[in-house]
Amino acid sequence: MKKLLASASALAAIVALAPTGAAQADELTLCWAAWDPANALVELSKDFEKASGTTMKYEFVPWPNFADRMLNELNSGGKLCDLLIGDSQWIGGSAENGYYVKLNDFFDKEGIKMSDFADATVYAYSTWPKGSPNYWALPAMGDANAWFYRKDWFENPEIAGEFKAKHNRDLAPPKTWTEFKEVAQFFQGRQIDGKTVYGAAIFTERASEGITMGATSALYPYGFKYENTPGKYDMEGAVNSADAVAGLEMYKEIYECCTPPGYTDSYMGEGLDAFKSGQVAMMMNWFAFMPGMVKDEQVGKVTGFFVNPSQKVAASTLGGQGISVVANTDNMEGALAYVKWFAQPDVQKKWWALGGYACHKAVLNDPSFKDSQPFAAQFLEAMGGVQDFWQEPAYASLLQAMQRRMHDYVVADKGTAKEALDGLIQDWTAIFEEEGKL
Amino acid sequence: MPDMNAIADRVASATPPHVGKAIRGLSDRSIAWIFVAPTMILLLAINIFPLIWTVYLSFTNYASNRPNRAVVNVGLKWYQDILSSPEVWAAMQATAHFVFWTIFFQTLIGFGLAYLIDRKFRGHAFWTTIILIPMMLSPAVVGNFWKFLYQPQIGLFNYVISFFTGIPPSSFEMLGSVTLAPWAIVIVDTWMWTPYVMLICLAGLRSIPDYIYEAAEVDRASKWRQFWSITLPMALPFIMLAVLFRGIENFKMFDMVVLLTGGGPGSTTELASITLKRQAFEAYRTGYSSAFAIILFVVVFGLANIYVRALNKVKQR
């Protein structure tokens, strides 16, 4: 019997000491997407480790699975993450379901002012309900959809001369979508250095969010709106306005005229591959990839950047994330200490220097900021006109509907742009009705 | 040969007296229950309970990402929504297309290969192994490398088609075309799983006794006649079994198609299981997706049941 009791005690001790997925007091797990900025954050956080004695652990998930993995983690009440740099669209659901800690009291206590951060980022990454002074995250990584282009091709006298002869203007980064189409068509199928090149790499991915992020980059500048009156869910005439239809038609035209063959299900990775391999003259992608591109051995020196073209208005699709404290954490004190540390202007400056997109005004308003990187000025310009997808708790259903409607129209060539947007209103209306908001 | 009596005696003497007494007090039926109970409990816990729970959820508005929302009974709403949804019917049509054509080609080619392999020839064991390789691969691997094979600019598939037809390789997109994508996934599944059908058919062909063919030879039956009167009828239960296995598998096909097309272009290759996954784990419409899962379960279960009855009839002939 004694032996049995001793064995049982030993087993109980092993079970108690075994790793449970919960963080220890001097350990913090930060969850984010697996991409270049995450590596920069690991580097940055070494300072926090030194200063606090906390060991930082990381859970970085590739983008296509990031939302699935992290939302399942939150929904299941998991304890994997103490800190989560979650997508801006998750904030509504995470706030309403109590997955994130509301940070107002903490900010007040520690003297962290939201007015120190760029207004657009506070609105997009921190607040729920939108625009209210209820903060669920600290702006961590500003981002927007923008463009990379082959500067060496644009500046090639022979190519530039041919363009000027054809279009009676200089070959330069396009300022409007109409110009963009002209430039993309000009490069499509052209022989450069003995290779056939194509106009542009755009987002067409079906499974997660790709084609929505791409299409909205055309829709927003044409005047697409989600609602006529913010907060009223009155979508008729906004989502399917004549401007929105024109924007969507433009995106499809670009897809049809100017993308490489087989470019039917492509997102960030495929775009980077196409651009780095010298296949395309222009590539749509997030600002987050620009620091990495500048350092690229093959094309870093010949790559230029430009902000998303405007049409009726200047607008860019918002990316980026805020850093939130997961309510389920076992190390609340440590997680809050990390947020406090991260909010310091000096840390934010280093964050930018390492390749992260700081949102602190101490960084952005610094007179040297615009010249600090070849894409810094464009970043500032883009962040002045960003628009985001719905951030509602039902965002996943709303996104799924848009993915299907956009891919059906743009890639599968089903119906017209008007029909696609009308259908989208139907889908979104049904979702909001199910949510009890209509 | 060990002395069984000695072993029994050793076991009996090693059994503590109180255990022996307790077991001696039990009936055979009770002992049988003791042995069966763990399996029954496991089955109830991991199969039956989730099924019952899914049925319950299918009548509610429960959403796994909305733990704070009150769970309300919605009656048959989800069932009505699903059965009247054009998207669901489109997914069911895509699934039917995929299931029918994959089974058709796999059975045809699989049986043909089995028939050829069954002939004794030099190196047939080697060729059998070679043919089996695709089914040994992971669907994730298959999905990824066929994605490269179908790539219009660098893909081998397009170059092979171009070589035989003269059509420029970059002029068609197997995965990006609404017309070709449904066939692209059929080709990949057929490539991967035909060997499996071949194996089952081969087992069927090898189970036919030689004396039947010898008797047919004596009766001067032609090879053609032998095939239709002996080979096919006797291998039919095996072929039907292969069709059943492949049918059930392909009805719930998910991984390979997601990797190849992600359900696109548009929703052209969005099979029912992909729609179900998106509703359940991306949109988190748990009630809706539970109802959808029940509908799919009933369809597969019903069809499989009808099919098994037919299979039994064929076996009894």
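A:Met283 touches A:Trp147, A:Phe148, A:Ala200, A:Ala201, A:Gly271, A:Ala274 and A:Phe275, leaving aside residues up to four places away in sequence. Touching here means C-beta atoms, placed from the backbone, within 7 Å. This is a predicted model, where local features need pLDDT of at least 70, side-chain atom pairs count only at pLDDT 80 or more, and totals for chains, interfaces and linings use all residues. Residues are numbered from 1 along each chain as its sequence is written, and chains are lettered from A in the order in which they are written.

A:Met283 also belongs to the largest nonpolar core, which has 141 residues. A:Met283, A:Leu83, A:Ala200, A:Leu248 and A:Phe287 have the most contacts inside this core. Such a core joins buried Ala, Val, Leu, Ile, Met, Phe, Trp, Tyr and Cys residues through C-beta atoms within 7 Å; buried means 20 or more other C-beta atoms within 10 Å of the residue's own. Helix H18 (residues 395-410) of chain A gives the most, nine residues. Helices are DSSP runs (H or I, at least four residues), numbered from the N terminus. A second, separate core of 48 residues includes B:Ile82, B:Ala94, B:Leu199 and B:Leu260.

Chain A is assigned domain 1 (21-143 + 319-387) and domain 2 (145-317 + 394-434). These bounds come from an automatic or database domain assignment. The C-alpha centres of the two domains lie 27 Å apart. Their contact takes 22 residues from domain 1 and 23 residues from domain 2. H17(A) gives the most to the domain 1 side, with four residues.

Between the chains, the contact takes 28 residues from chain B and 24 residues from chain A.

Conventions. Buried ≥ 20, exposed ≤ 12 C-beta atoms within 10 Å, placed from the backbone. Helix = DSSP H or I, 4+ residues; strand = E, 2+ residues; numbered from the N terminus. Contact = placed C-beta atoms within 7 Å.
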